[in-house]
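Open the model in your viewer and keep the selection tool at hand. The tour goes from one selection to the next.

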Amino acid sequence: MIDTDFLAIVVVRDGELPLGADEVTAEADGSVLVVGTDAKVAAGQLTAARTAWIAESPKVAPAALAAALTPVVKGVRTIVLSSSPDGRDLAPRLAYALRRPLLTGANAVTRTSADVLRWGSQALVELTPDGPFVATLQPGVRGAAPLPTPARLVEIALTGVEVKDAVSVEVTTPNAQEADLAEARRVLGAGAGLVTGPEQMELLARVGERLGASTGATRVVTDAGWVGHERQIGTTGVVIDPDLYVAFGISGAAQHVGGLGSPRHVISVNTDPCCPMTARADLGIVADAPAVLAELARRLEERDA
Amino acid sequence: MIGVLVVAALTWPGPRVAVDQLTGTVRTEEGRPGASAAGLAALEHVFRLAESLGGRALAVTIGPPQADEMLREALAAGALHVLRVEADPADDEAAARALLSAVAEHHGPPDVVVFGDDSGAVPGYLAALTDAAQALGLLELTADGGVLGGLRRLDKGRRERLEIPLPAVCSVEPVLRPRRAGLPAMLAARNTKIPVVRPDVPQHRFPSGPVKATAPRAYRPRARIVPIPAADRAIDRIVALTNGLGANALATGGSATVVTPPDAAAAADLVIEYLTEHGYLGDTT
Amino acid sequence: MPEHAGPGTTSTVVAATPQRAVDVVVVGAGPAGSAAALEVARAGHSVVLLERGPYPGSKNVYGGVVYGRVLDELVPRWWEQMPVQRWVTRRSTMIMTPTQALTVDFRTQAWAGPPYNGATAHRSDLDGWLAGLAEKEGAVLVPSTVATGLLRDTAGAIVGVRTDRPDGDLTAKVVIACDGVNSFLAKEAGMFAGKPTGHVTLGVKETLRLPRSVIDERFGVAGQDGVDIEILGCTRGIPGGGFVYTNLDSLSVGVVVDPHGLAGKRLRPEELVADLKRHPAIEPLVRGGELLEYSAHLIPEGGYDTMPELVGDGFLVAGDAAAMCLAAGIWLEGVNFALGAGMYAGRAAVDALKVGDTSKTGLASYRRMLDESFVLADHRKLRRVPGLVLGQRMQESYPAMLCDLAQGLFHVDNPQPKPGLLKLVRRTLKRHGIRTRDVVSDALTGVRSFG
Ligand SMILES: Cc1cc2nc3c(=O)[nH]c(=O)nc-3n(C[C@H](O)[C@H](O)[C@H](O)COP(=O)(O)OP(=O)(O)OC[C@H]3O[C@@H](n4cnc5c(N)ncnc54)[C@H](O)[C@@H]3O)c2cc1C
Ligand SMILES: Cc1cc2nc3c(=O)[nH]c(=O)nc-3n(C[C@H](O)[C@H](O)[C@H](O)COP(=O)(O)OP(=O)(O)OC[C@H]3O[C@@H](n4cnc5c(N)ncnc54)[C@H](O)[C@@H]3O)c2cc1C
Ligand SMILES: Nc1ncnc2c1ncn2[C@@H]1O[C@H](COP(=O)(O)O)[C@@H](O)[C@H]1O
């Protein structure tokens, strides 16, 4: 049993933390349960933990984890997971097993309520259950300050339960192209407001070359097939952490912004002055993205000529 | 009834909503929605699975009569059955219960259910309810020799390859485009009456009662916590923070700016000026 | 993407048996197409209505003013069901220069009750309603399907259409082309052979959201009453005109202009709309409106003289496809003509099916019905009007002259005595370099057209 009323649960694989691990931990005032394969290694990488409970699990699969964790976290009032793929996967299973409401896609979670993002991150709604609940927090919404002192580590054992899960055959790491984007210091991002065909992606890449920047896109753009899925930036795509991010025609949905890391300089070119991307930019330019990109390309080419 | 039952659970998107960024007022936009891209990808996956598993394809949605159109197209494109569920689920668990009860009543328990990955927590709950294997956020979903295989996205660009036993609940990213129905099938589907089910799903009650919700308000980003620079003296930490390293808002000696330049040329000027100022470009003048 | 495959240019010849998949295929679920399908279905014949958009009206969501009188013949008590935004009870004709505006404002409560006159309506609502009426009578609407070409028999008669769907050929006894301006089907059928190339104007429109109460207040209306303002002189001398319509909680503001004139002045159409929105007479009406939709669309405006052949073997053309839209400066009526033409096309097809002759001869009643109705009568009468309204004098000289005249009349220049009206007119005409001869000639054209 875990003796806290507010707990983050972080699902790890092979000792690697998922997106938003420190953020959920900080949200839960530093109390975290790290569960998965090589959980101890992963827990050692947390910077925002005060107390980390460590539970080794032979495999990472939602039904098995939900069954094994339920008796352990039954007494915890508020449980928060990151909306990373494994967190999103586990949350409804856990909420169902604990017979509690699930509040998904939160911008902020407190002991008693969650502020959830709705309608493509356009609005916030505060949800208040009258009792215990499970919530998922969007990665990237809050950041986390590292704590000066190392966490208290408590190892706990889980009891295995026979349940039905898909079998994980292998986990592959990103290929070179994704790594190039993931590690780039400067990134130009393309959204639905910029891209209506492959030509804008090509132009963006040309501008990127002149600026020494890599290029990526939102899911709307990769879904439309204008650029490969390996270029998708976001919580379900490549996670980046550049110095400079220039967003062309990107609304700034939580799933996209969640993969941006904390760039030092953000420019957003968008026709909507109120969209979340512009709201978090250092320089928000209200303008037609294709036109600005074309003009920018012309300028840079002239300058370099 | 023979063969496995493969179900495409399509989300009915409802009207598009826009939120006023001053007042938080939510209003619905004109125009009629159809199936989402992810839903259509789920449908195409279901057709392919039904073909290779020798099963029956069913398309189902929770939605109002306007959703019939989407189901008619599914029928024309190759679904053996369609079903529209009329229900107003209070949450994703109730939606999963409504879907399950409607499908089970008309066609028996499903063997595979495929959602688009815009279905919230409904697939997770359905897997919990039916004790099925769950595989969500798939880029690929195939059936080889009666075994389902999936490629799932993890974070940080990693991929997980899964072997998925039946019964299974899956959700797919919108990576496939649906096949186009032939004209004769379209014509035939026009005259088909779409079966409607109103499942009697008891509203799921948590021991603590329903969740209270406030009226929506406009989105405002949270203040982000920035790591404290490593320096012994407070003055050095402040200098580090304000020197453009580490703080967005402090970097340029002011808060973020939103400008509306008169034209694209002026906008490009602003971008270049900003990039130059912050050392991303050499002197351009 | 196959769903957006463009129309073919050559017809496919098929070995046609007398057996056809359906009696009638109507291409395009706009007002013309739905009216045609409604009439055919009502008479008990099988009819398929093809629409390239995902639903009728999807290509253009917000609309304009619709004159419903023609519906009396098609839908009894239509005003009880039509999805109306507001009933037009106030019609203003505004003549402007960049700094002046002269308005003739007419208001009648007679148009606020049955049988009504004009109404503002959203196109997606209106087109959806009309197509729904046809479906209720048994027409089969097939959305997201593009007609890409015609099917002909060896003798050249049209026997169906090819679509962009798999197994997409559909044979029919009659094909009714209601596919809108620049109809590929009418061209492919050779209906434009020997006709002067069609004139088109460009319609551009912005929809601006404003609270309903604000619109009521600014336009001086209440309840579901609405206003239609037609404007001359707001297009920088480019042949055309402008408009402002009230919807329930939005305004439609736009211009209809000659694309060549625009190109000549190197202007973009949205600049004209921006001009109009900034005009001192318009700005207080549209101030603070949030842009919801911007749309641009070609409108056939050549009128009577540029209409194609309307009847071929197994083939009829109706609505914008047959250049039946009346678009000249202060007029913008197309939906009513499209409804009328579609209705008659449907009836002609029914006549032809009844006697078992769907050749050009069997379908000839279409032309006769059109001739006897407002559809062609109005167009014949107004055939010179586009030239008049879009001519230089009406576009530039007259608005300025009339505004100055009004200004002269109302300007109080004490201690100077007021000038006599005739003297004022003569002085103003002279200042604007307008010859009395031209005024008389234009007046005569006007009287002949409208008298
Ligand atoms: C499970 C799940 C996972 C997801 N994962 C990701 C992910 O990893 N990454 C990701 O990116 N998304 C992801 N999404 C999708 C995400 O929710 C958003 O839909 C997406 O990020 C929006 O992309 P966008 O900003 O390009 O498009 P939109 O939200 O459509 O925004 C387009 C923007 O362009 C602006 N615009 C329009 N025209 C112009 C113009 N002419 N000039 C300038 N601006 C213009 C508009 O004002 C708007 O702000 C996920 C969704 C789900 C359900
Ligand atoms: C900006 C603007 C403002 C206007 N304002 C008014 C107004 O206030 N009042 C008024 O009365 N009129 C107005 N009009 C004119 C009016 O819109 C048209 O005259 C009228 O819509 C003509 O109807 P239609 O059925 O002939 O053609 P459309 O309404 O153009 O319908 C044609 C249909 O055919 C479909 N289609 C085309 N090609 C194919 C194909 N190959 N296969 C399948 N489907 C196809 C199209 O998607 C469309 O739905 C305006 C026009 C414009 C552009
Ligand atoms: N198959 C489905 N039919 C109808 N509604 C669904 C279906 N799947 C998911 N939903 C709803 O779609 C919503 C998804 O929203 P979100 O969680 O914001 O992505 C959930 O609240 C469900 O109620």
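Select chain C and chain B of this predicted model. Between them these two chains bury about 1,800 Å², and 54% of that area is on carbon and sulfur atoms. On the chain C side 29 residues are in contact, and they meet 17 residues of chain B.

Next, look at the charged pairs. The interface of chain C and chain B has three salt bridges. For one of them, select B:R190 and C:E135: their closest N and O atoms are 3.8 Å apart.

Now colour the parts of chain C that touch chain B. The elements giving two or more residues are α2 (123–136), β8 (140–142), β11 (169–177) and β16 (290–300). Helix α2(C) gives the largest share, four residues. Sorted by class, this side of chain C has 13 nonpolar, seven polar and nine charged residues.

Then turn to the interior. In soluble globular proteins, nonpolar side chains tend to be buried together. Here the largest nonpolar core has 136 residues; B:I164, C:I176, C:F315, C:M324 and C:Y366 have the most contacts inside it. Select residues 335–355 of chain C to see helix α8, which supplies the largest share of this core, 13 residues.

Which residues does C:F315 touch? Among them are C:L150, C:V175, C:L185, C:M191 and C:L363.

Last, select A:V134, B:L58, B:V103 and B:L126. These belong to a second, separate core of 49 residues.

Conventions: Residues are numbered from 1 along each chain as its sequence is written. Chains are lettered from A and ligands numbered from 1 in the order in which they are written. This is a predicted model: local features need pLDDT of at least 70, side-chain atom pairs count only at pLDDT 80 or more; totals for chains, interfaces and linings use all residues. Side-chain values use heavy atoms; hydrogens and water are left out. Contact means heavy atoms within 4.5 Å. Buried area is the accessible area (1.4 Å probe) that two parts lose on being put together, summed over both. A salt bridge is a side-chain nitrogen of Lys or Arg within 4 Å of a carboxyl oxygen of Asp or Glu. Ala, Val, Leu, Ile, Met, Phe, Trp, Tyr, Cys and Pro count as nonpolar, Asp, Glu, Lys and Arg as charged, and the others, Gly among them, as polar. A nonpolar core is a set of buried Ala, Val, Leu, Ile, Met, Phe, Trp, Tyr and Cys residues joined through side-chain atoms within 4.5 Å. Buried means under 20% relative accessible area, exposed over 50%, partly exposed in between (1.4 Å probe, protein chains only). Lists of a residue's contacts leave out its neighbours within four places in sequence.
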